[in-house]
Amino acid sequence: MTAHLNRYSIAHAIRAPLHVVIIGGGIGGLTLAQGLKKSGVSAAVYERDRTRTDRVQGYRVHINPTGSLALHECLPAPLFEAFTRTCGRPTEGIRFVTEQMKVLLALDRLNAPARFRGDGVAQHRSVSRITLRQVLLSGLEDTVHFGKTFVRYEENSLGRIVAHFDDGSTVEGDALVAADGGGSRVRRQFLPHAERIDTGIAAIAGKVFLNVESRRLIAPELTNALTLASGKGGYSPFVALQDIDGVAINGTGGNDDSAVAGSHFDNSRSYLMWAFGARREKLGLDGGDIERMSGKELRSTALRVMAQRSWDERFRALVRLADPDTINAIAIRTSVPIAAWPTQCVTLLGDAIHSMTPYRAIGANVALKDAARLCRALTLANRAERPVIDAIRDYETGMIDYGFRAVRTSLHAMNQAIMEDRVRLMLSRAVLRIINCVPPLKRRVFNRMGEE
C-alpha cells in the first residue's frame, strides 16, 4: 500500500524541467520533437533505422488543414516556409469514376472552400514523403539517434521511465512516447490487449515518372485531378499527382545525397502514383509474403487482374508505365479501438495506437494532430503548470476519442471502396451521380473531404 501511494505521489508531483524520450522517428515522432524543441522542452528521438535515408515509407502524403495547422504550430517559421514551398502543385479537383472511367462525381477546386484553393495556413497540401522527412529532421541532428532498436521499458524508484535498446544501452526520461508505428513494441508492452489486425485487403502501388513521352501516353484527366474508382467485384484504384520541381530550398526538397540510388528514392521528378486494392485472394496474393514480391511480379499481377475484369486501358497504361523499382504491395491493417486505460508516464501517438486504413488519407494528419496536442500538454508540464501525469491524461482523453473515430471511418471508407455486392455498388454510384447534379451537395462533400 505504501509503495502504491509513493508511486501515485511521484506521478502527480510537479516535475520540471522534463526530459521526453520518443521511440520512433516517423512523421508523428519527429513533429513532436520539433514542437518540444520549439517550446524549450528537452527531448530525444530513438529510431531503429541506421540512417535517415534507410527506407522510403510510401510516396506522397496528403496534408489536410488539421495537419497543416499542426505543422505550423510545431515547426519553426523557416522550416514551415520550406515545407509549404516544396509541396506539390495542387490538382484541379477530385473525381470518382467507374472502372470504365465514367465520371460519377467531379469536385472542382474552383468551387471548393478556401483551404482547397491555397489560401492561408489551414489548407490541403500534397508533399513528397521524402521531402517531408527532410523538413522534419532539419535542426534535430543532436536530437535524433539512429540505429536504436527499442526492446522494453521499466519505471524506476523515482518514477522515471527507463528505455532499453538491443545494443544494451538505456536512457531515462520523465515521459516516454511511443511513436514507433503500427508494429509498436512499446504498445505491446504497455497495452498488450490493443490489437492491430489484417483486414484481408492488399494494395499494389507504384509511380510513373512524368516526362514528354509518359505524358503523351497518360490520359490527361489522370494528371489534372485526384482520381478514385470503385470497380465491379470489389476492386479499387487510386491515382494522384505529385508535382516536384526538384529545387531544394534551404536543404529541403530534391534528392538526398545519402539516399540509396534508384527510382524509389528519386525525389527530383514529378510523378503519378497509383494504387490498386482488393481482397488478397482476388489479387492472387493470398499466399506468401506480398511485401517481399518483386515489382515486376506485382505489375504482372495487377495487369492480369485488370485485363480479366475489363478495366479501362487508361488505368492499365499507368501500371505498364510504372518503374518496377517503385512498385510494391502492402497488406492493409487496422487497429481495434479499445477503452481508455489508466494514464501513466508512457503514452502513444499516431499508428502506434490508432493505425488506420489509408482509404480516407488522414492517418498522417491524425498523427500530426496528436503531436501538436501532446506537445502542448508536455510544455505545460515542463513549465510546472500541470503535473506530467495530468497533462498526459488531458492529451489521451481527446486522442482516444478522435483517433479511434478516424480508425472507424477509415475502415468504413475501405469497405465502401472494396464493395463486392453488386446492388450496393449500383446504389452507391447512383448516390454519387445525384450529388454530382446538386451543387450544394457537392460543396458539402468538398467541405468534409479529408477531415477527421
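**Close-up views of a predicted model**

**View 1. The Phe150 and Phe165 ring pair.** Phe150 and Phe165 are both buried in this predicted model. Their rings form an edge-to-face aromatic pair, with 6.5 Å from centre to centre and 80 degrees between the planes. Phe150 belongs to strand S8 (residues 150-155) and Phe165 to strand S9 (residues 161-165), so that the pair links distant parts of the chain, 15 residues apart. The count of aromatic pairs comes to seven.

**View 2. The Tyr235 and Phe276 ring pair.** A pair of aromatic rings is described by the distance of the centres and the angle of the planes. For Tyr235 and Phe276 the centres are 5.9 Å apart and the planes lie at 10 degrees, so the pair is stacked. This pair also links distant parts of the chain, 41 residues apart. Tyr235 lies in the loop between strand S13 (226-229) and strand S14 (236-242), while Phe276 is in strand S15 (residues 271-279). Tyr235 has a relative accessible area of 5% and is therefore buried; Phe276, at 0% relative accessibility, counts as buried too. Together with Trp311 and Phe315, Tyr235 and Phe276 make up one aromatic cluster.

**View 3. Charged side chains over aromatic rings.** Two contacts of this kind are shown here, one with Lys207 and one with Arg269. Lys207 lies over the face of Tyr271, at 4.4 Å from the ring centre. Arg269 places its charged end over the ring of Phe209, 3.8 Å from the centre of that ring.

**View 4. Strands S1 and S2.** Strand S1 (residues 19-23) pairs with S2 in the parallel sense, over five bridges. Val21 has Ala44, in S2, as its bridge partner. Strand S2 (residues 42-46) is mostly covered, with four of its five residues buried. In a regular strand the side chains alternate between the two faces of the sheet.

**View 5. A nonpolar patch on the surface.** The patch is formed by Ile434, Val438 and Leu441, and their accessible area together is about 220 Å². Leu441 is found in helix H16 (residues 439-448). The relative accessible area of Leu441 is 33%, so Leu441 counts as partly exposed: buried would need a value under 20%, and exposed one over 50%.

Notes: Residues numbered from 1 in each chain as written. Predicted model: local features only at pLDDT ≥ 70, side-chain atom pairs only at ≥ 80, totals over all residues. Heavy atoms only, no water. Patch = residues over 30% accessible without salt bridge, like charges linked within 9 Å, V, L, I, M, F, W, Y side chains within 5 Å. Areas by Shrake-Rupley, 256 points an atom, 1.4 Å probe, with all protein chains shown as cover. Salt bridge = Lys/Arg side-chain N within 4 Å of Asp/Glu carboxyl O. Helix = DSSP H or I, 4+ residues; strand = E, 2+ residues; numbered from the N terminus. Buried < 20%, exposed > 50% of the residue type's maximum accessible area, 1.4 Å probe, protein only. Phe/Tyr/Trp six-rings, centres within 6.5 Å; stacked < 30°, edge-to-face > 60°. Lys NZ or Arg CZ within 6 Å of the ring centre and 35° of its normal. Pairing = 2+ DSSP bridges.
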